[in-house]
Amino acid sequence: ADRILFANYVSPVSGKLLVPSAAYDSVKQAEGGIKYRSDSLEAYVTGFWAKTGEHNIGLERSYRAYGLEFEGSYRRGIFLVNGGATWTKAEITRDVIDPSTVGNTPKHQADLIFQVTPQVETKRFSVGANFYGTTSSYAADNNGLKMPGYVVTNAFVQYRPNERVSIMLNANNLFDVLGLVEVDAGFIPSSGVVTARTINPRTISTSLRFNF
């Protein structure tokens with residue numbers, strides 16, 4: 001309701017909806033998958049299909065998407081790795097206000113997003129890293145400007161001298177990767193300057209925890 005309140009779907013005189021279908025956004029979806037489990041390995045694969053509609057300020061549109069999701073983990077002795085990935089093929093199928101976007105990929109929708117975390121864990125310490133990333137995506141629905149993909153590395157070390165004390169060292173975005181998550185334009189203007197929102201730069205933190 002907050003999205004349609006200031007749009008042209010509501011009569012300023014009676015307060016009633018001028019377009020009844022704007023009262024909700026429909027979602028039709030189907031999923032199917034398989035699961036595998038053993039003592040050391042778990043794997044889940046899911047296929048999905050979805051059709052959605054959207055009513056918003058300056059927006060009346062439909063989308064279709066299909067793809068695959070994967071989640072898994074593997075443990076062998078002190079070594080453990082878990083991760084996941086989602087591959088998505090999305091498309092704008094209807095646009096009442098701007099029909100030129102039909103057939104385009106929705107903005108910020110990457111074909112592939114993924115994350116994997118390998119680590120070594122013993123009674124006294126844990127050490128590992130988390131890698132997550134995305135392939136390129138479009139900055140706007142006109143598909144005129146692409147934001148490049150990136151992979152971010154987070155690392156961690158934990159030392160437990162006894163059952164009550166743990167010391168942790170974490171490094172987020174260890175290699176200080178530049179990742180764009182939003183750009184306020186669908187093309188590069190003549191000035192060559194646009195505004196972008198990025199992921200956080202490298203941060204390092206440490207902590208000391210006591211369990212009483």
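Which element gives the most to the nonpolar patch? I looked this up in a predicted model. The answer is β13, with 3 residues.

**Entry 1: the nonpolar patch**

I listed the residues of this surface patch: F125, V127, V157, Y159, I167, L169, I204, L208, F210 and F212. Together they make about 1000 Å². I then checked which elements give two or more residues to the patch, and found β6, β9, β10 (165-172) and β13 (203-210). I looked up F212 separately, and it sits in the segment after β13. F212 has a relative accessible area of 87%, so I noted it as exposed, the cut-off being over 50%.

**Entry 2: strands β4, β5 and β6**

I followed the pairing from β4 (residues 79-95) to β5 (residues 112-121). These strands run antiparallel and are joined by 9 bridges. Opposite W87 I found L112 of β5. Next I went from β5 to β6 (residues 125-134), again an antiparallel pair, with 7 bridges. F114 has G133 in β6 as its bridge partner.

**Entry 3: Q158**

Is Q158 buried or exposed? I located Q158 in strand β9 (residues 150-159). Its relative accessible area is 18%, and buried means under 20%, so Q158 counts as buried. Its side chain makes a polar contact with the side chain of R160, at 2.4 Å. Leaving aside neighbours within four places in sequence, I found Q158 in contact with R124, F125, S126, S166, I167 and M168. Two of these names, F125 and I167, were already in my patch list.

**Entry 4: salt bridges**

How many salt bridges does the structure hold? I noted 5. I took R61 and D95, whose side chains meet at 2.8 Å, N to O. R61 is in strand β3 (residues 59-76) and D95 is in strand β4, 34 residues apart. R61 and D95 are buried. R61 also forms a salt bridge with D141, with the closest N and O atoms 2.6 Å apart. D141 lies in the loop between β7 (137-138) and β8 (146-147) and R61 in β3, so this pair ties together parts that are 80 residues apart in sequence. D141 is buried, as is R61.

I also looked up R197 and E182, whose side chains form a salt bridge at 3.1 Å, N to O. R197 is in strand β12 (residues 196-198) and E182 in strand β11 (residues 180-183), 15 residues apart. R197 is partly exposed at 49% relative accessibility, and E182 is partly exposed at 34%.

Key
Residues are numbered from 1 along each chain as its sequence is written. This is a predicted model: local features need pLDDT of at least 70, side-chain atom pairs count only at pLDDT 80 or more; totals for chains, interfaces and linings use all residues. Side-chain values use heavy atoms; hydrogens and water are left out. Two strands pair if DSSP finds at least two bridges between them. Helices (H or I, at least four residues) and strands (E, at least two) are DSSP runs, numbered from the N terminus. Buried means under 20% relative accessible area, exposed over 50%, partly exposed in between (1.4 Å probe, protein chains only). A polar contact is a pair of N or O atoms within 3.5 Å; within protein, one must be able to donate a hydrogen and the other to accept it, and residues adjacent in sequence count only if both atoms are side-chain atoms. Contact means heavy atoms within 4.5 Å. Patches are made of residues with over 30% relative accessible area and no salt bridge: like charges are joined within 9 Å, nonpolar side chains (Val, Leu, Ile, Met, Phe, Trp, Tyr) within 5 Å. Accessible areas come from the Shrake-Rupley method with a 1.4 Å probe; for residues, only the protein chains shown count as cover. A salt bridge is a side-chain nitrogen of Lys or Arg within 4 Å of a carboxyl oxygen of Asp or Glu.
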